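Notebook open. I want to look up a few local features, then the ligand site.

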Amino acid sequence: MLLSFHALLRRAIRLRIKSYTWVPNLNRVRAIYPGSFDPLTNGHLDLIERGSQIFDELIVAVLSNAEKDPLFTLGERLNMLEEMVKRYPNVKVDSFGGLLVDFAIAKDAKAVLRGIRAISDYEYELQMAWMNRKLQPQIETIFMMPAEAYSYLSSRLVTEIFRLGGSVRELVPALVEQKLREKFTALPLQSK
Ligand code: PNS
């Protein structure tokens, strides 16, 4: 049977469409790594790297509520994070306000990643995880430990050390150290 040119073309297109049909992978796990990141530390980065190896996709979500009177604006924190996670193709940066679990649902995420440095973190983290589970039982909280070297590291301590003239070289990425320098040079004297 001889096929017309148009029939052949239609068949070719049909075959091509078939071979490119996208089959969604329903087992892909997207997780949210939420926090204030004010500023981002090497401990956060360590957890981002670990999370990127476990989850198919990781969204680093910066809390946008102004309540906490942050040192860095939301935009500054997002910029620093975006620069630092460029090297991980499955990590994205976003911001959220309101309830974390609502953000997780909106992003179709299955899990929330939180870091636990020491037992002292555990009680607060457990309380949040229970509460988040009460609010949205389908969102699972996963705890991970950063490298031991970062077990004493926090954004609050980094800021305090920098403000008082100490070195934060091994505690934050060079970019964050630079931004801290710019921030404290720009701040009025009494806040330094
Ligand atoms: O880095 P942080 O400051 O420890 O992060 C805390 C954060 C942002 C994860 C937490 O405050 C949070 O989830 N805030 C969003 C509001 C919310 O969902 N509150 C109920 C938590 S049980």
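Where does F37 lie? I found F37 in the loop between β1 and α2. Helices (H or I, at least four residues) and strands (E, at least two) are DSSP runs here, numbered from the N terminus.

I noted the ground rules next. This is a predicted model, where local features need pLDDT of at least 70, side-chain atom pairs count only at pLDDT 80 or more, and totals for chains, interfaces and linings use all residues. Residues are numbered from 1 along each chain as its sequence is written, and side-chain values use heavy atoms, with hydrogens and water left out.

**Entry: the loop**

I looked up the backbone of F37. Its phi is near 50 degrees, a positive value in a residue other than glycine. Then I checked P39. P39 also lies in the loop between β1 and α2 (42–54). A cis peptide bond joins D38 to P39, with omega about 0 degrees.

**Entry: the ligand**

I listed the residues around the ligand. There are 13 (near means a heavy atom within 4 Å). S36, K68, G98, L100 and R114 are the closest. By class, I read seven nonpolar, four polar and two charged residues in this shell. Ala, Val, Leu, Ile, Met, Phe, Trp, Tyr, Cys and Pro count as nonpolar; Asp, Glu, Lys and Arg count as charged; the others, Gly among them, count as polar.

Which elements each supply at least two shell residues? They are β1 (30–35) and α5 (119–135). The largest share, three residues, comes from α5.

I then looked up distances from ligand oxygen atoms. An N or O atom in the side chain of S36 is 2.6 Å from one. For L100, a backbone N or O atom lies 2.8 Å from one. In R114, a side-chain N or O atom is 3.0 Å from one.

**Entry: aromatic pairs**

I counted four aromatic pairs. Rings of Phe, Tyr and Trp (its six-membered ring) pair if their centres lie within 6.5 Å; planes under 30 degrees apart are stacked, over 60 edge-to-face, the rest tilted. Y122 and F143 are edge-to-face, at 6.3 Å centre to centre and 65 degrees between the planes. Y122 lies in helix α5 and F143 in strand β5 (residues 140–144), so this pair ties together parts 21 residues apart in sequence.

How values were computed:
A polar contact is a pair of N or O atoms within 3.5 Å; within protein, one must be able to donate a hydrogen and the other to accept it, and residues adjacent in sequence count only if both atoms are side-chain atoms.
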